[in-house]
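Dear colleague,

Please find below the structure that I am handing over to you. My notes on what was found in it follow directly after.

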Amino acid sequence: MNSADGPNSAEGPLAGLRVLEVAGPLGAYTGKLLGDFGAEVVLVEPPGGAPERGRGPFVAGEPGLERSLEFAYLNTSKRGLTLDLDSAEGQDTFRRLATTYDVVLDGSGAASAMTGRGLGHEQLSALNPRLVYTAVTPFGLDGPYVDYRATDIVLMAMGGLLSLGGYADGPPVRAFGDQACLAAGQFAAVGTMLAVLEAEQSGTGQLVDVSAQECVVMAHENAVQFYDLEKVVKHRNGVDQRQAGVGVYPCADGHVYLLAKGLGVFWDELVGWLEGEGVEGAAGLRDPKWKSDEFAMSAEGKAEFLTIFNRLALRSTKAELYEAAKRIRLPLCPVNTPADLVASPQLAARDYFVDVPHPATGTTLRMPGAPYKLAASPARVHRPAPRLGEHTAEIYAELAAAGGPAGATTDPTTDPTTAGAKR
């Protein structure tokens, strides 16, 4: 790790690691994960701001460069620098910065553009041999799709996962949020840290090539196993049950997922529960026909079970069904909504959600925390997402103090295209 820490170096397991991040949707979560664990992350944006600043939802529903909730979440614990990478002056400044950092994280999705600017892996590593250069792109740095651009929905489609989302009789439906971008960000964080560890041991950095498409392919879960073991090609089925007693079922305040038939051993517990609740027709589920997977997977079997189970489920809440099933050790869980997650006693007990100030609007935002815990050195948000160009002057001063020129002909504290100080 580079010893030239910034003036506001955070504590944490990655304290001392310096990351220069080129703004973009594919690497934003990577930078957040590293920054929340103590790395000094500098977010490099174009003078007008990263396009992600224009993505809603916004604080209080009002659009603005400093009001995007998504941007505020994905860029915590980072300092902000504005730099025109299409200008010779901006490129020279970026090169000088890269000589003092451990990692360059290019999440813009356009690695060829960085190379064209003289800011690619080989060009920067010639100046800083210890540099780890992580390029997160839609399809990787080689192959016939190397120069293709893609949004999240394109990546979900090209990675195959989109084909599994939605109803059987309808078009594919994308999962909420930029799941492909987030998956790429997580794998990029892992790959980056592996390369940093190796660089510390060998003294030489390397290129980390992350394909968002390949990250999506990893999310197919058991679709490949279904074909391997049963020669069944998985298709989207929405809330349709795979067989009686297996699938998503409606209840009084939402839905629950039930797994009673697929594992076999839970069928008697399910039937006994329904009988104990006085559900009409429950005793009929003890008929020998229900031991046949063929009948349980038939439209007749699924419809008959749904009619019987609905007599209990539709008069019960998710919580009531869950607590009752838990008592008899029957696999059933609520299908949680975002509101359920915010109110979850489990997440509250683990202090999962964190409150982060949002100085631009004078509000406090409640955000998800890190998805894992380090007992001795937990993650924490060290600062809110930067305002556009907020730390430009500070970072130029550090560069000058390190022996490099400030790299700007304008005063970043007063030029609104550089600092974005007044919004």
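Helices (H or I, at least four residues) and strands (E, at least two) are taken as DSSP runs and numbered from the N terminus. On that basis, Tyr148 is placed in the loop between β5 (132–137) and α6 (152–158).

This is a predicted model, in which local features need pLDDT of at least 70 and side-chain atom pairs count only at pLDDT 80 or more, while totals for chains, interfaces and linings use all residues. Residues are numbered from 1 along each chain as its sequence is written, and side-chain values use heavy atoms, with hydrogens and water left out.

The chain as a whole

The protein chain has 16 helices and 11 strands. Its C-alpha atoms fill a box of roughly 85 × 50 × 40 Å along the principal axes. Of its 423 residues, 44% count as buried; buried means under 20% relative accessible area, exposed over 50%, and partly exposed in between (1.4 Å probe, protein chains only).

The surface patch

Tyr148 counts as partly exposed because its relative accessibility is 46%. Together with Tyr145, Ile153, Val154 and Met158, Tyr148 makes a nonpolar surface patch of about 430 Å². Patches are made of residues with over 30% relative accessible area and no salt bridge, with like charges joined within 9 Å and nonpolar side chains (Val, Leu, Ile, Met, Phe, Trp, Tyr) within 5 Å. A salt bridge is a side-chain nitrogen of Lys or Arg within 4 Å of a carboxyl oxygen of Asp or Glu. Accessible areas come from the Shrake-Rupley method with a 1.4 Å probe; for residues, only the protein chains shown count as cover.

Among the buried residues of α12 are Gly301, Ile308 and Leu312. The buried residues of this helix pack against β7 (246–251), β8 (254–259), α10 (267–276), α11 (293–296), α13 (318–327) and β9 (332–334), where contact means heavy atoms within 4.5 Å.

Rings of Phe, Tyr and Trp (its six-membered ring) pair if their centres lie within 6.5 Å; planes under 30 degrees apart count as stacked, over 60 as edge-to-face and the rest as tilted. By this rule there are 11 aromatic pairs. Phe305 and Phe309 form a stacked pair, 5.7 Å centre to centre with 10 degrees between the planes. Both residues lie in helix α12, four residues apart, about one turn of the helix, and both are buried. Ring pairs also link Phe305 and Phe309 with Tyr249, Trp267, Trp290 and Phe295 into a cluster.

Yours sincerely
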